[in-house]
Amino acid sequence: MSTPQTTTASPQHGSPLRADCVIDSDGRITFTLPPVPGAHPRLLLRLRPKKGRSETTRHLLDLESARSDGHRHAVLEAQPVLDEGRWDVYLLPEPDAERRRLRPGLRDLRSLVDGHLRDRPAPVAVRIPYATKDGFLALRAWRRTAHAEAGAIDVTDRALTVTARLHGAELHPDATVRLRLRGTDTVRTLRPRTDDGARGFSFTVAPGDLADGGGGAARVWDAFVRPTDGAPPIRVGRLLDDVADRKHVYVYPAVETDGSALRPYYTVDNDLAIEVT
């Protein structure tokens with residue numbers, strides 16, 4: 001079980017204002033701050049814009065004072081669902097005041113650890129509080145019509161096997177796994193092994209399945225499942241726990257055979273991909 005996480009401010013930033021946060025199994029996040037200036041302070045959540053684009057999406061939360069020690073709290077309910085992306089958290093002391101970036105205090109994410117064990121309806125919405133590389137508080141959010149949650153990835157000297165579970169949709173007898181060569185229209189189709197619940201499945205990939213894909217020496221194949229013929233493909237990834245950035249945390253060995261190597265990894269969006277070199 002994970003334990004509450006804390007971060008330490010770097011000396012050059014002095015003693016910045018910190019916000020504790022607790023998330024429950026329904027995705028509701030409660031932020032708690034020490035006494036703050038301003039008659040009507042609020043929290044500002046800002047969707048980080050893509051490079052070269054202007055800031056357009058914000059969400060405001062009232063900071064209520066209900067404790068004798070002056071601490072304030074704000075609640076981000078499970079609805080409305082946040083847009084997918086990274087949300088930076090600020091204190092807004094007054095409506096026209098300059099916003100102030102917050103640093104994380106206690107982050108209690110224990111309710112997220114077994115999130116992959118609970119079936120999620122559509123749309124599948126996920127929010128994970130985390131500390132940015134420069135030590136500020138932010139939320140990682142995903143919003144998908146349906147999602148295939150990757151579980152165990154077993155790598156042997158001949159192949160790799162991925163176990164996953166579908167959320168927000170059900171598998172049909174004609175379901176397929178589709179591996180798409182990034183940047184092209186090339187697709188390899190595999191038949192998954194399914195369980196009796198119409199949600200769990202697994203698939204095995206050998207180096208020969210991804211041979212001759214073109215695209216240069218290093219090739220990356222993105223993993224999808226199609227629940228039934230003609231349905232939109234659903235991305236396979238791992239979102240339903242307390243890890244906001246998985247790429248450099250979960251590192252797998254490669255399947256090496258006949259002069260090539262096949263290695264599974266998670267992208268910057270926590271989606272599953274397979275690199276062939």
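Which residue is the bridge partner of Cys21 in β9? In this predicted model, that partner is Arg107. The contact belongs to the pairing of strand β1 (residues 18–23) with β9, which is parallel and comprises four bridges. Both strands are part of an open, mixed sheet of five strands, arranged in the order β5-β6-β2-β1-β9. Because β5 (64–65) and β9 (103–108) each have a single partner strand, they stand at the edges, and one side of each is left without a neighbour in the sheet.

A further set of pairings involves strand β17 (residues 200–205). Five of its six residues are buried, so β17 is largely enclosed by the rest of the structure. Strand β13 (residues 160–167) runs antiparallel to β17 and is joined to it by six bridges; Leu160 has Val205 of β17 as its bridge partner. Strand β16 (residues 193–194) also pairs with β17 in the antiparallel sense, over two bridges, and Arg193 stands opposite Ser202.

Two aromatic pairs are present in the structure. The ring centres of Tyr250 and Tyr266 lie 6.4 Å apart with the planes at 90°, so this pair is edge-to-face. Tyr250 is located in the loop between β19 (234–237) and β20 (255–257), whereas Tyr266 belongs to strand β21 (residues 260–266); the pair therefore ties together parts that are 16 residues apart in sequence. Tyr266 is buried, at 0% relative accessibility. The rings of Tyr252 and Tyr266 have centres 6.3 Å apart and planes at 55°, so this pair is tilted.

Terms used
Residues are numbered from 1 along each chain as its sequence is written. This is a predicted model: local features need pLDDT of at least 70, side-chain atom pairs count only at pLDDT 80 or more; totals for chains, interfaces and linings use all residues. Side-chain values use heavy atoms; hydrogens and water are left out. Two strands pair if DSSP finds at least two bridges between them. Buried means under 20% relative accessible area, exposed over 50%, partly exposed in between (1.4 Å probe, protein chains only). Rings of Phe, Tyr and Trp (its six-membered ring) pair if their centres lie within 6.5 Å; planes under 30 degrees apart count as stacked, over 60 as edge-to-face and the rest as tilted.
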